[in-house]
Amino acid sequence: MHIFDGPDSIPAAVGTHLGHGDWVEITQERVDQFADATGDHQWIHVDVDKAARGPFGGTVAHGYLTLSLLPMLGATVYRFENFLMGVNYGLNKVRFPQPVRVGARVRMGSEVVEAKSGAQGIQVVLRNTIEVEGADKPACVAEAVVLLVPRPGETA
């Protein structure tokens with residue numbers, strides 16, 4: 001677990017790989033709940049019988065479900081402390097090189113790519129790679145931008 005302790009801890013971390021987090025199993029229940037939340041009930045995600053005969057040999061997680069795991073998976077890799085708040089600012093680039101089969105386990109590794117101070121705070125770009133246990137390609141590679149707002153009286 002890499003802990004960032006306030007604004008002064010950010011610049012030195014640029015170019016640093018922060019490590020890997022814990023493995024998490026992707027269950028059919030999680031996929032079904034995501035399908036219900038988003039209205040995306042495509043058969044490759046929710047029809048277990050049909051998907052077993054399909055191109056992936058079983059149901060697979062939605063790409064956006066995999067992407068939505070960034071905060072949960074990131075919580076076992078790094079933490080920002082001594083900031084007023086941190087907010088998702090956006091994504092620079094997202095790719096899904098490989099599907100995640102239901103029953104697979106995933107984890108995330110993160111690297112600090114860039115940090116820029118601005119009027120609102122520090123924008124930190126993290127390259128997050130979600131790996132599938134035993135697979136040769138990642139399920140998702142996403143450059144996420146986090147805006148870290150300093151506490152009152154501190155500068156970015």
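Student: Is methionine 85 buried, partly exposed or exposed?

Tutor: Methionine 85 is partly exposed, because its relative accessible area is 43%. Here buried means under 20% relative accessible area, exposed means over 50%, and partly exposed lies in between (1.4 Å probe, protein chains only). Before we go on, a word on what you are looking at. This is a predicted model, where local features need pLDDT of at least 70, side-chain atom pairs count only at pLDDT 80 or more, and totals for chains, interfaces and linings use all residues. Residues are numbered from 1 along each chain as its sequence is written, and side-chain values use heavy atoms, leaving out hydrogens and water.

Student: Thanks! Where in the fold does methionine 85 lie?

Tutor: Methionine 85 lies in strand β5, residues 85–95. Strands (E, at least two residues) and helices (H or I, at least four) are DSSP runs numbered from the N terminus.

Student: Which residues form a nonpolar patch on the surface?

Tutor: Leu84, Met85 and Val87 do, and together they have about 260 Å² of accessible area. A patch takes residues with over 30% relative accessible area and no salt bridge, joining like charges within 9 Å and nonpolar side chains (Val, Leu, Ile, Met, Phe, Trp, Tyr) within 5 Å. The areas come from the Shrake-Rupley method with a 1.4 Å probe, and for residues only the protein chains shown count as cover.

Student: Now for the inside. Which residues of the largest nonpolar core touch the most other members?

Tutor: Let's start with the general idea. In soluble globular proteins, nonpolar side chains tend to be buried together. A nonpolar core is a set of buried Ala, Val, Leu, Ile, Met, Phe, Trp, Tyr and Cys residues joined through side-chain atoms within 4.5 Å. In this model the largest such core has 33 residues, and Val100, Val106 and Ile130 touch the most other members. At least two residues of this core come from each of α1 (28–38), α4 (63–68), α5 (70–74), β6 (105–117), β7 (122–132) and β8 (140–149).

Student: What is valine 106 in contact with?

Tutor: Contact means heavy atoms within 4.5 Å. Leaving aside neighbours within four places in sequence, the contacts of valine 106 include Trp23, Ile26, Leu69, Leu73, Val100 and Ile130.

Student: Leucine 69 is on that list. Is leucine 69 buried or exposed?

Tutor: Leucine 69 is buried, because its relative accessible area is 5%. Its place is in the loop between α4 and α5. Not counting residues up to four places away in sequence, leucine 69 touches Ile26, Arg30, Gly74 and Val106.

Student: Let's turn to the histidines. Is histidine 45 buried or exposed?

Tutor: Histidine 45 is buried, with a relative accessible area of 5%, and sits in helix α2 (residues 43–46). A polar atom of its side chain lies 2.7 Å from the backbone oxygen of valine 60. Beyond four places in sequence, its contacts include Gln28, Val31, Asp32 and Thr59.

Student: And where does histidine 17 lie?

Tutor: Histidine 17 lies in strand β2, residues 17–20. Histidine 17 counts as partly exposed, because its relative accessibility is 43%. A polar atom of its side chain is 3.0 Å from the backbone nitrogen of glycine 19. Leaving aside neighbours within four places in sequence, histidine 17 is in contact with Gly109, Ser110 and Glu111. Histidine 17 and leucine 126 are 109 residues apart in sequence, yet their C-alpha atoms are 9.5 Å apart in space.

Student: How many salt bridges does the structure hold?

Tutor: A salt bridge is a side-chain nitrogen of Lys or Arg within 4 Å of a carboxyl oxygen of Asp or Glu. This structure holds six. One of them joins arginine 79 to glutamate 81, with the closest N and O atoms 2.7 Å apart.

Student: Which salt bridges link distant parts of the chain?

Tutor: Let's look at two. Arginine 105 and glutamate 133 meet at 2.8 Å, N to O. Finally, salt bridges that share partners join Glu111, Arg127 and Glu143 into one network.

Terms used:
Polar contact = N/O pair within 3.5 Å; in protein donor to acceptor, adjacent residues only side chain to side chain.
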